[in-house]
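Here's a quick tour of one protein model. Keep the 3D view open and click along as you read.

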Amino acid sequence: MKIRITIILLLLFTISGGATVAFAQTSNPPASIHIAWIDSVDFHQVNLLVSAWGADGLPLTGLQAKDFSLQEDGGAAFHPDSIETTTDSALWVTLVLDTSGSMDGTPLLDARAAATRFIDQLDPTDQVSLITFSDSVETLAFTADKIPVYDRIDSLQAVGATHLYEACAAAAGQFAGLPDGHRAVLLLSDGRNDPAGAGDPEEAIRLAQDANIPFFVIGLGEGIDADYLGRLASETGGMFRQAPGSADLARLFADMASLLKTQYKLSYLSTLPADGQSHR
C-alpha cells in the first residue's frame, strides 16, 4: 500500500512512501525535526523515528505524545498512540573535516580534539566514516571499530586548497546501498570552495535529499561560505551552526553528538483503508 503522512511539530514536514522526505522550514526555525525513517510494513501499525531540536542546536527533551499532531487525508488531528525516547538507535554517521591550509595550527588541533570527543560519545555498534578534504578528498569507509578513525584523526595535517563541494558529494554518496535507518553527515569547514570551479555545489544536496541524509554543519570563523553551508543544512533537513573560534568546537561537536543520539519513536494505528491508493 502507498501512504503519505504529514507530521506537525511546530514546523511541517511531509513523508512519502517511507523513504523520501520533503522539508518545509524557515531559515532560522524555533524548532526543527528530522524523520530518520517511517515504517508501515505491518500496516495498519505505523512507526516513525524522529529527531527534534531547538534553535540552540540541543535536542528537545521531555516531549510527549500530545506534543505531536498527525492527520490522515485531512481528517481530524490526533496524537500518536505511544511515544518512546531512545538514545541507542544504531547510527551511521560520516564525519567530514576540512584540512586545508587555513586550518593549520590551533584550529586543526582543536578540530582534532573535538572530533575525537564526538566519537567518544558514540555507541560501540555505531558506524562512523571519516572524510578529509584539502587539495583532494580522502575517505575512510564506515566501520564500528573506532581505533582506525582515532588514528587517522590524530595524523591529520593542514595544507592545500578546499575541495568542499567534492567532499560533501562524497559524503552523501557514501550511504548508497546501506539499509534505511538513522544516518547523518557532520561537516566542519572554515572556508569556501577552492578552486571556485572545483566540483558541483548542487550534487551533495541532490544526493542527500534522495537518500534522506541530513547534513549537520559547523562553519568555523569568518571566511566560510555561510550561504552554501546554510543551504546544505536546511535543504537536507539538518542544521547549521557557526563557531566564531576553534575553542567553540568542543562544545558544538558535543551538542551534535547529543542531538544525533536522542530520538523519539512514535507509533499509531492508521485508519486509512488498505486499498493500494495514495493517501495524505
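Start with Phe 118: leaving aside residues up to four places away in sequence, Phe 118 touches Val 93, Leu 95, Leu 186, Phe 253, Met 256, Ala 257 and Leu 260. Bear in mind that you're looking at a predicted model.

**The nonpolar cores**

- Phe 118 belongs to the largest nonpolar core, which has 35 residues.
- Phe 118 is also among the residues with the most contacts inside that core, along with Leu 95, Leu 188, Phe 216, Ile 218, Leu 249 and Phe 253.
- H6 gives the largest share, seven residues.
- Apart from this core there's another one, of 25 residues, including Cys 168, Ile 213, Ile 224 and Leu 229.

**How H1 meets H6**

- Helix H1 (residues 106–120) packs with helix H6 (residues 249–260) at an angle of about 25 degrees, and their axes are 8 Å apart.
- Since angles under 35 degrees count as roughly parallel, H1 is roughly parallel to H6.
- The crossing of H1 past H6 is right-handed.
- On the H1 side, the contact is made by Pro 107, Asp 110, Ala 111, Ala 114, Ala 115 and Phe 118.
- H6 brings Leu 249, Ala 250, Phe 253, Met 256, Ala 257 and Leu 260 to that contact.
- Sort the residues of this H1–H6 contact by class and you get eleven nonpolar, one charged and no polar.

- Most peptide bonds are trans, and most residues other than glycine have a negative phi, so exceptions are worth a look.
- Phe 43 and His 44 are joined by a cis peptide bond, with omega about 25 degrees; His 44 sits in the loop between strands E4 (31–39) and E5 (45–54).
- Another cis peptide bond links Asp 194 to Pro 195, with omega about 0 degrees, and Pro 195 is in the loop between E11 and helix H4 (203–211).
- Asp 73 isn't a glycine, yet has a positive phi of about 50 degrees.
- Asn 212 also has a positive phi, near 60 degrees, and is found in the loop between H4 and E12.
- Are these two buried or exposed? Asp 73 counts as partly exposed, at 44% relative accessibility, while Asn 212 is buried, with a relative accessible area of 8%.

Technical notes. Residues are numbered from 1 along each chain as its sequence is written. This is a predicted model: local features need pLDDT of at least 70, side-chain atom pairs count only at pLDDT 80 or more; totals for chains, interfaces and linings use all residues. Side-chain values use heavy atoms; hydrogens and water are left out. Axes are lines fitted to C-alpha atoms, for helices over the stretch in contact, and angles run from 0 to 180 degrees between N-to-C directions. Helices (H or I, at least four residues) and strands (E, at least two) are DSSP runs, numbered from the N terminus. Angles under 35 degrees count as roughly parallel, over 145 as roughly antiparallel, 65 to 115 as roughly perpendicular and the rest as oblique. A crossing is left-handed if the near helix is turned anticlockwise from the far one by less than a right angle, and right-handed if clockwise. Contact means heavy atoms within 4.5 Å. Ala, Val, Leu, Ile, Met, Phe, Trp, Tyr, Cys and Pro count as nonpolar, Asp, Glu, Lys and Arg as charged, and the others, Gly among them, as polar. A nonpolar core is a set of buried Ala, Val, Leu, Ile, Met, Phe, Trp, Tyr and Cys residues joined through side-chain atoms within 4.5 Å. Buried means under 20% relative accessible area, exposed over 50%, partly exposed in between (1.4 Å probe, protein chains only).
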